[in-house]
Amino acid sequence: MSIAIPSFKVETRTRASSFSALIGAAVLALAVAAPFLVPRGAVQDLFFILTMLVLAQSWNLLAGYAGLISVGQQAFVGFGAYTMFGAVILFGIDPIVAIPIAGLFGALLAIPTAFFTFRLYGPYFAIGTWVVAEVVRLLLAQWKALGGGTGTSLPREATRDMAGVGLLRDLFGMKATQAGDALTYWLALVLAAATIGLIYRLLRSRQGLGLAAVRDNEQAARAVGVDARRTKALVYLTTAFLTGLAGALIYVQKARISPDAAFSVTDWTAYVIFIVVIGGIGTIEGPIVGVVIFFLLQNLLSDYGSWYLLMLGLIGILIMLFAPRGLWGAFSDRTGIQLFPVRRMLVGGPLAHSHKGGPHG
């Protein structure tokens, strides 16, 4: 005798996500070949898009998934950049090798920062992160070995002879500057892909469930056994590490640094928040959409001087009023399409099992 026993399983993958994985692989392959297909200026534009995407995904993880609204992420951009400069100028380390060191130092900076800011909540947390960033900026502005308040540049030989440049010159006949741009672009591409993959994996894990619970209701999450402080600390350290990496990579490409530029709240926090808000906070797809739109708006409106910032602000306000979940959120709500689904779905149906003669009855 057979009876139907419901058999279910939990899935996150959808048809759209499976199709987008194939499209993403094709786009990634094309992106790898970009330095051979487009002019140097376009490679630099792509580098900008990729590094801003890393910063936006990191901030989105912090604010959109952990509920920690920070306006001081420029602390980790600047600290990562200065760590890289210090490693190159003071210790003669190759700039490429100095980038992961900068990421580690960014995570180390997050430890005492978290000790202070995690005692604050809501708007006080946001203000606290900005205060920390200003303190770090003022301290580094006193570092005379790295130019003090006026800043300094990487030694010409450091950027000319950094790891990989010589190989690109020999294999593809690139000039030193072109090879340097191609190398930093590929590193930015790897960092952007790794950041998205890391965040997606985290959100689909058990820790991701705990993170969503903490964001939605911290007291309820604690009641069911989620360690809210540990979960937030993990996210904070992760975003500091990724932001430090991005900051170091950005300033390897720029090859010049100053405290005001490296710790610019406009460049490294305000623009990043704009990208996430217009794209869709709390989604992986949102920052991808947002960074493309931001780049297009920047190129269209940058000739208008101070009106540029006013128009960006107006666009941000309009989107927050009419599409509170951002452009991708509005699109996803209408179509149900998710390219990086993290919501768990219970699927399945009745499965026949026998109670006579074992499972084959």
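Arg-137 counts as buried, because its relative accessibility of 18% falls under the 20% cut-off. Keep in mind that this is a predicted model. The side chain of Arg-137 meets that of Glu-134 in a salt bridge, with 3.1 Å from N to O. Both residues sit in helix H6 (residues 123-140), three residues apart, which is about one turn of the helix. Glu-134, for its part, is partly exposed, at a relative accessible area of 21%.

Elsewhere, Arg-160 pairs with Asp-161 in a salt bridge whose closest N and O atoms are 3.4 Å apart. Arg-160 is partly exposed at 39% relative accessibility, and Asp-161 is partly exposed at 46%. Salt bridges with shared partners also link Glu-134, Arg-137 and Asp-260 into one network.

Searching the whole structure turns up five salt bridges. One of them joins the side chains of Arg-40 and Asp-181, at 2.3 Å from N to O. Arg-40 belongs to helix H3 (residues 40-65) and Asp-181 to helix H9 (residues 176-204), so this pair ties together parts that lie 141 residues apart in sequence. Here Arg-40 is partly exposed, with a relative accessible area of 41%, while Asp-181 is buried, at 9%.

Now for the whole chain. You will find 17 helices and four strands in it. Its radius of gyration is 23 Å, close to the 21 Å that the globule rule gives for 361 residues, so the chain is as compact as a globular protein of that length. Of those 361 residues, 45% count as buried.

Methods
Residues are numbered from 1 along each chain as its sequence is written. This is a predicted model: local features need pLDDT of at least 70, side-chain atom pairs count only at pLDDT 80 or more; totals for chains, interfaces and linings use all residues. Side-chain values use heavy atoms; hydrogens and water are left out. Helices (H or I, at least four residues) and strands (E, at least two) are DSSP runs, numbered from the N terminus. The radius of gyration is taken over C-alpha atoms; the globule rule is 2.2 Å times the number of residues to the power 0.38. Buried means under 20% relative accessible area, exposed over 50%, partly exposed in between (1.4 Å probe, protein chains only). A salt bridge is a side-chain nitrogen of Lys or Arg within 4 Å of a carboxyl oxygen of Asp or Glu.
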